[in-house]
Amino acid sequence: MSDRDYLPLSATLVKTLTDKLYEKRKAAALEIEKMVRELIAVQNYEQIERICKILSEHFVLSQNGNFRRGGLIGIAALAIACGREAQRFKSYLVPPVLQCFLDNDPKVRYYACESLYNIAKVLRTITLSYFNEIFDCLSKLVCDLEPTVKSGAELCDRLLKDIVIETCTQFEVIAFIPLLRERIYVRNAFTRQFIVSWVSLLTSVPEFDMVQYLPEIMDGLFHILGDPNPEIRKSCEILFSEFLTILKTSQVQPDMFEDMTRILIQNSQSSDDLIQYTALHWLREFLNMPKCHQVLLPHSAGLLSAVLPCFSYEDDNRQNILFTFVDFVFFLFFIFTAKEINSILRQLIKNESTKKSNESNAIHNLPDMTITKMVEVLKTQIQSGASPSRIIALGWVHHLFECLQDQMASHIDVLFPTLFRVLSDPSDEAVLLVLQVFALISTSNRTNTDRNYNDYFTKFIIVLMDLFRTDRSLLEARGSFIIRQLCMLLSPEDIYKTLSETLANEPDTNFASIMVKILSSILLTSTELHDLRIKLKNLQTIESADLFVCLYKTWCHNPVALVALCFLSQNYDHACTLVQLFAEIEVTVDFLIEIDKLVQLLESPIFTYLRLALLDVENNQTLIRALCGLLMLLPGKTDAFHVLRRRLECVPNFIDKFTSIDKRLANLSINSKEKETINDPRKNINFDELQQYYLSIQNRHIDLKKQRYRYAPTSDVRRNRQTSTRYLDKMTMSAPKSPLPQFVCQVCGNFLQQDSSLETIDDQMTKPIASSTTICDESYNELQQGGSDGTIVIRKTLGRKRFGWSITTSQSSLDSANGFALVPHDVNKDLEQKSMREYRNDINIHEKLYDFLSEQYTFDHPLCQECTDTLLDKLDVDLQMATHELTSYKKLLEQLNSSTNVQPENYEKLKQELIELDEEEKRIKDELLKLEQENQRLQNESEQLKKDEQSLEEEEIRYLRDYNEQKRLLFEAEDEQKSIDNQTKHARAQYEKLSKTNAFNAAFHIWHQEHFGTINGFRLGRLPSINVEWSEINAGLGQAALLLNSLAKRIDLQFIKYKIIPLGSHSYIEDLNERKNGKFVQLPLYTGRRHLTWDNQFNKALIAFLDCVNQFKLAIESKNQRFCLPYKMNEKKKGVITDSNGYQFHVSYQVGSQEEWTKALKYMLTNLKWGLTWITSQLPDDMTTSNAIPTTSSPTVTSPR
């Protein structure tokens, strides 16, 4: 470009403005400022606009860095020169500077900040029209890598904040919010701090009402809250607290709360603890505001998703962290906040349900969609949450079913599988909550009024049984607990009845038996089932009898539990029958354990009535017989056996002594007639049918047990087995009822068809047997006749289980392990014809006969025909094998005999071989001995090496211990060294700071305040419009006197004619030329009179003080000819001080106006300040760093015009 294009800027000015040196560019800027001021004076705005255009387009936007730097400083100078008129050219001032904010040259960026600062100082409010652009640029510059640029941006930021606060009514927040919403997600720490400071500033100004824009920036503030910088987190946390305080007291639209709730719910699930706690704290405060309840209820699902995981922190891996005290307190507040939110939300749901029930036409805030979302959240938390959260979620499910039963009905099928899985949870509280929920479900929305529960109750019981069937560990650990809790929550009768109906068709008999055992134990021991036990004990109603029948059919799977049920219901006759049927059951250890437990239960308070019934012997013979049967089943060395035996020994027997048989029979008949007259529901129970049902169930158990322990048989084998079973039954039914016992096979256990010749055996035929064996008559007790039906009881101790009685057609054998048998009625008739002794001898003879046969062979007698044939076949096979082995042995013997025929000529050879072998053996033994010695030596060496190794290890440990100790000492020394270094740095910094401090400058601060000169803040002078108190003026004069006196001492100056006495507000000057009463005249530098024109002493003191200042000046000039003061003091005219324009002012209050007096005091203070500056410059380097000698170009206090 030519020089004409830069007009009105001269070529020299352009060249200077684009120079590399800053001082030259600054001089050019001052020249531009002077030029613009002249143009402003003549109002030549066109030329000014042309200068602006040249500087912005040809300089600031130039590709040359020097041009850009010169243009920026030139624009700043132009703006300063324009002053108020700068707003005319704002389009040429601000936009070009903003473009330089992103320049690659850091110096250009810094000068741009400096230029914007000067422009903004001039434009002030006009700058706000470019606020968004400036804010965007500053948000990028605050994170600049160049420190100078960053400091420049911070200066602009502070100025911009001042402008916004001053002109808050003209600042458009609504236009700023979109930019703030965009920039708030920046991750740079400096930018985040910059944004937080601006939001805090806008929030502190009530006129901006930043709360209404909070939903738009809240999410971004949460992102800033998660910054790792603790200062930023703290600033953002304070900002959130301020917003929350404003929200509590302001009127906010409900839509805002809804938007903020969504943001809070989202951030409450953050992984950052502070973000999560802040969000939860806000949600809690929202819930505590009644105006927010209607807004928050539709977000209940989100609130649950935010709160429920918080309860897991008690059980989370965060507990494994070693908390500091602050972290621990924060953790407690965190849990407390979550619990409070949970409690308030539960109460809101409850209030909503109450409102719904009371106001049918009211608009409710819990639609089905919200309930569905809540159920999904709870389901997820139950399935995958930790134990504490799962328990809270289950409590919520229970609460929802309790409060919103109708709305929750459609979600039962969704929750049903999830709730059932919780039954396997290790927490008892979780299981109990699930059972409570199922209890609520079972009693809700009953479709059938005849039943107490709905269809879900039956479904629950069925699924519960399936769960127990598949998870036996759950059944063993929790089965009893679950059933007992269900009985507490629901009707025990309905629970047991439904369980019985479910188990009645159970295909797995083993599982059914286990379940019955558990149910029976609960029924007999649990306090929750007391009423049910009373109902079963009395059986006074048809319903109780039906319940007994229902339980009986299920209890058939466990014989011992069935007997206990009969004992409980006082059906002793049937219990006795069941005990007799135990002969058909395989007696296992588990079976005996159950009997043992039953005996223990009989001694408990529950069966007190049963033990008292033993006193009525004549009416409870079947009870006694049943207990005797249990006694016979128990092993003799068990505690239960002795307990039951002692109990039976306590049964009274005095009725046998004092009551005749006829009388007892009469009593029995009377009792039976009385029972017939009473309407007893027990008569409706068909015990024969129940007995047959019991036998069928037991047969099922036997068949299934056989199938479990063998391979499934083929159809032919199964058919043959069924045929043989029918044959045996038929044989048993057709067996003659002989008066002799019916013997059983010792292999298969079936009854034997005895030959009639065995009945004619007498003593003569058994003499050979008697000679070899001794019959022990003492092993038999006497046959006792007892019972109402005349049954003969035979008790015998047998070594083998050899015989039994055919009592019924369904029995195939007796399976008891003792000699207990019942003789049928037809046998009793035979016993009447024979004496007891003869009958016992017959039994003895047959038993001894089979004993004799058993002793002669390796197998026991008697045997059935099939077992005999099988045994013979086996013996034939054994015989063949023995014959084969005999033949083999004979052949081997012959071979050995033939090989032993050795020739004589081979003897010597064999003898020589034997000698060699002996020598070889001796040699090998010697080698073995050497090897053993070597082995011993090696073992000794190994032990020595182990000892050496152990000593080395101990030495290593000792060395490591010493090393660690030295390392610790080294660390301590390093820490101490660092501490000393830090102390040294601190001391050096303090020293440098103090070395730059001057006592005079610190003690006497002379400045100006509007028209007044001040010293240490005290104003000197008075104006008609500003009435300064005399106490302040007196204090200021005292400070000035102290300063002048100190400066004079510093240069060893003795004032001529005067002596200054500094005494604060009562300082004075002694006139050494005048005496009064032998003392020097005191001229006070203080006054308090209303009319100073009358106070001559005060005016003289001021004149004397000014004279002392003049003497101080002359003393300095004698040492430094270059020194001069800005305001001259006339030696001839005392008390007069002259400014740079030649105007004279008198320090005396009597001369001139108050304004002139004030100026005189101000000029006097200015001279004192110059003297102070000179004295400071003459101090040594160890006291001050300022060595500059003041000249006429030094800064002065501007005098007001």
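Which side chain meets that of Arg 484 in a salt bridge? The partner is Glu 528, and the gap from N to O is 3.2 Å. A salt bridge here means a side-chain nitrogen of Lys or Arg within 4 Å of a carboxyl oxygen of Asp or Glu. Side chains of opposite charge can pair when their charged atoms come close.

Before we go on, a word about the model itself. It is a predicted model, in which local features need pLDDT of at least 70 and side-chain atom pairs count only at pLDDT 80 or more, while totals for chains, interfaces and linings use all residues. Residues are numbered from 1 along each chain as its sequence is written, and side-chain values use heavy atoms, with hydrogens and water left out.

Let us return to our opening pair. Arg 484 sits in helix 24, and Glu 528 sits in the loop between helix 26 and helix 27 (530-538), so this pair links distant parts of the chain, 44 residues apart. Helices, by the way, are DSSP runs (H or I, at least four residues), just as strands are (E, at least two), and they are numbered from the N terminus. Arg 484 has a relative accessible area of 33%, so it is partly exposed. Glu 528, at 22%, also counts as partly exposed. The scale behind these words is simple: buried means under 20% relative accessible area, exposed means over 50%, and partly exposed lies in between (1.4 Å probe, protein chains only).

The structure holds 38 salt bridges, so let us visit a few others on the way. Asp 508 and Arg 472 meet through their side chains at 3.1 Å, N to O. Asp 508 lies in the loop between helix 25 (492-504) and helix 26 (509-525), while Arg 472 belongs to helix 24 (residues 472-489), so the pair ties together parts that are 36 residues apart in sequence. Asp 508 is partly exposed at 24% relative accessibility, and Arg 472 is partly exposed at 26%.

Arg 647 is in helix 34 (residues 639-649) and Glu 603 is in the loop between helix 31 (589-602) and helix 32 (608-613), so parts that are 44 residues apart in sequence are tied together. Arg 647 is partly exposed, with a relative accessible area of 28%, and Glu 603 is partly exposed at 27%. Salt bridges can also join into a network, as they do for Lys 248, Arg 284, Glu 285 and Glu 340.

Helix 34 has another story to tell. How do helix 33 and helix 34 cross? The axes of helix 33 (residues 621-633) and helix 34 come within 9 Å and cross at roughly 150°. Axes are lines fitted to C-alpha atoms, for helices over the stretch in contact, and angles run from 0 to 180 degrees between N-to-C directions. Contact means heavy atoms within 4.5 Å.

Now for some single residues. Leu 138 lies in helix 7 and is buried, with a relative accessible area of 0%. Leaving aside neighbours within four places in sequence, Leu 138 is in contact with Phe 101, Ala 153, Cys 156, Asp 157, Leu 160 and Phe 194. Leu 138 and Asp 157 are 19 residues apart in sequence, with their C-alpha atoms 7.2 Å apart in space.

Asp 272 is found in the loop between helix 13 (254-267) and helix 14 (273-287), and counts as buried at 19% relative accessibility. Beyond its neighbours within four places in sequence, Asp 272 is in contact with Gly 226 and Arg 233.

Leu 539 has a phi of about 50°; it lies in the loop between helix 27 and helix 28 (542-555) and counts as buried at 0% relative accessibility. Arg 124 has a phi near 50°. Arg 124 lies in the loop between helix 6 (106-123) and helix 7 (131-141) and is partly exposed, with a relative accessible area of 25%.
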